[in-house]
Amino acid sequence: MLQYTSMALFVLVFKLIAPIFIIVFLGAFLRYRGMLTDRFVTTASQLTFQTALPALVFLKIAKAPLHELATFNLIWAALIALALYSLGLLLLSRHYRPNQAVFIQAGFRSNFGIIGLSIAWLLWGNIGLSQAALLLAFISPLYNVGSIVVFNYYNPQANGPSYWQSFVKTPMLWGALLGIAFAYYDWGISPVAEQTLQYLGALALPLALIGIGATCTKETILSLSWVHGVVCGLKLIVAPALAVGIGLALGLSGLDLGVLFLLMATPTAVASFIVAQSLNGDIKLASSLVVMTTILSSITLPIGITLLVYGGWISL
C-alpha cells in the first residue's frame, strides 16, 4: 500500500467504508421524511442486539479457525486502553454536571458492534469480521456493566438492573461462547440451522445502520453545544490514538492493531441513547452525541485507517 500517495490512499479507504455511512445517511433521510421514529430506533436496536447480532457473532466464530482469531495481547491491549481512557473520562466528567452519566457513557461506549464489525468485514473479509466479533464478545458485557455502574452512581433517579444481571444477560457473550465451543470441538452446524443464522446475521448490520441514521433529527442538530465538541474530540481522536499507542507498545500490528483501532475509534453506540432513555438520563443530549460522533467519524475513521496503512502498521 505504500505505493499510494497519502491522498490516494485516503480516497481508497474512504471508498471501501463509504457504503456503511451511505446506509446511515439513508436512515437519516428516511427519518426526515417521517418514515422512521424513535420507536423504530429502540425496536431496531433491541432486535439487532438481542437476536440478529448474537447470531452473526456465533456463526462467524464457529466457522473460523480459532488459532487465527483474537490473541491475548489484543484483548489485553483493549482492556488497558478502555480502563485508562475511562479513568480520564471520569476525571473530566466533573466539569459536566449534571449530565456526568451521559457524558461518560457517550465517551466510552463505542458502536464497535455495528460500524466496527462492518468496517472490519469490508477491509479484511471474514477473518476480520470473526476477529472483531470475538473481541466484541469480551467488550460488550463490560459496556453493559459500565453503563449501569455510571448511571446508578451519577443519576439518583436511575433504577437499573444489577451488575450481575447486566453481565450475564448479554446475548452476544453467549453467542460468542457457543461459537468458541463449536469451533474448538469442530462441531458441525446443520445446513438448515446455518442458513437460518445467515439470514439473521445478514439482517443485523444494515438494520442497525439505518437505526443509527434514524437518531438524526432536526432537534438533535439544533441542540449542539461545546459539550458535543469535547466528546467528539475525546471519542474520535484521543481514544483511538491512546489505543494505537498501547497496541504498538504491546507489539500489535496488522489485523490485531486494526481491530483495536476500530474498537476505540468508532462513534458512540445507539445503545447509549437507549440506556439513557431507560435510566432517566438526558435523552436529547445522548441522542445528539450519537448523531454527531457518527457524522464526524465518516471523516476521522478513514483518516485514521489511512495513517495506519501509510505508516506500515496495518495492511488492507
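This is a short walk through one predicted model, from the overall fold down to single residues.

Let's start with the whole chain. The secondary structure comes to 13 helices and zero strands. So read along the sequence, the pattern is α-α-α-α-α-α-α-α-α-α-α-α-α. The chain has 316 residues, and buried ones make up 53% of them. Now the contacts. Take those between residues at least 6 apart in sequence: 83% of them join residues at least 24 apart.

Helix 10 runs over residues 226–249, which is 24 residues. From first C-alpha to last, helix 10 reaches 33 Å. Where does helix 10 bend? At Leu234, by about 35°. Then look just past the end of helix 10. Gly251 takes a positive phi there, about 85°.

Helix 11 covers residues 254–265. Its twelve residues should span 16 Å at 1.5 Å a residue, and its end C-alpha atoms are 16 Å apart, which agrees. Helix 11 is also mostly covered, with ten of its twelve residues buried. Among the buried ones are Asp256, Gly258, Phe261 and Met264. The others include Leu257, Val259, Leu260, Leu262, Leu263 and Ala265. What covers the buried residues of helix 11? The cover includes helix 3 (72–92), helix 5 (112–154), helix 10 and helix 13 (283–310).

On to empty space. Rolling a probe the size of a water molecule over the atoms shows where such space is left. How many cavities of 30 Å³ or more does the structure hold? One. The largest cavity has about 70 Å³ of space. Its lining is Val41, Ala44, Ser45, Phe49, Asn111, Ile114, Leu207, Ala208, Gly211, Ile212 and Val270. By type, the lining divides into eight nonpolar, three polar and no charged residues. Gly211 is in that lining, and glycine counts as polar here.

Phe14 first. Phe14 sits in helix 1, residues 6–32. Is Phe14 buried, exposed or in between? Partly exposed, because its relative accessible area is 34%, which falls between the 20% and 50% cut-offs. Leaving out residues up to four places away in sequence, Phe14 touches Ser298 and Pro302. Phe14 and Pro302 are 288 residues apart along the chain, yet their C-alpha atoms are separated by 5.4 Å.

Second, Lys60, in helix 2. Lys60 counts as partly exposed, because its relative accessibility is 22% and the buried class is under 20%. Which residues does Lys60 touch, not counting residues up to four places away in sequence? Asn126, Leu129 and Ser130. There is also a spacing to note with Gly179. Lys60 and Gly179 are 119 residues apart in sequence, and 7.6 Å apart in space, C-alpha to C-alpha.

Last, Asp186. Asp186 lies in the loop between helix 7 (171–184) and helix 8. Phi of Asp186 is near 55°, a positive value in a residue other than glycine. Asp186 is exposed, because its relative accessible area is 67% and the exposed class is over 50%.

To recap: 13 helices and zero strands, a bend at Leu234 in helix 10, a mostly covered helix 11, and a largest cavity lined by no charged residues.

Note on methods: Residues numbered from 1 in each chain as written. Predicted model: local features only at pLDDT ≥ 70, side-chain atom pairs only at ≥ 80, totals over all residues. Heavy atoms only, no water. Helix = DSSP H or I, 4+ residues; strand = E, 2+ residues; numbered from the N terminus. Buried < 20%, exposed > 50% of the residue type's maximum accessible area, 1.4 Å probe, protein only. Contact = heavy atoms within 4.5 Å. 1 Å grid on protein atoms, 1.4 Å probe; cavity = no way out; pocket = protein on both sides within 12 Å on 5 of 7 lines; lining within 4 Å. Points joined across faces, edges and corners; volume = space filled by probe spheres on them. Expected span 1.5 Å × (residues − 1). Bend = angle between axes of the 7 residues up to and from the residue.
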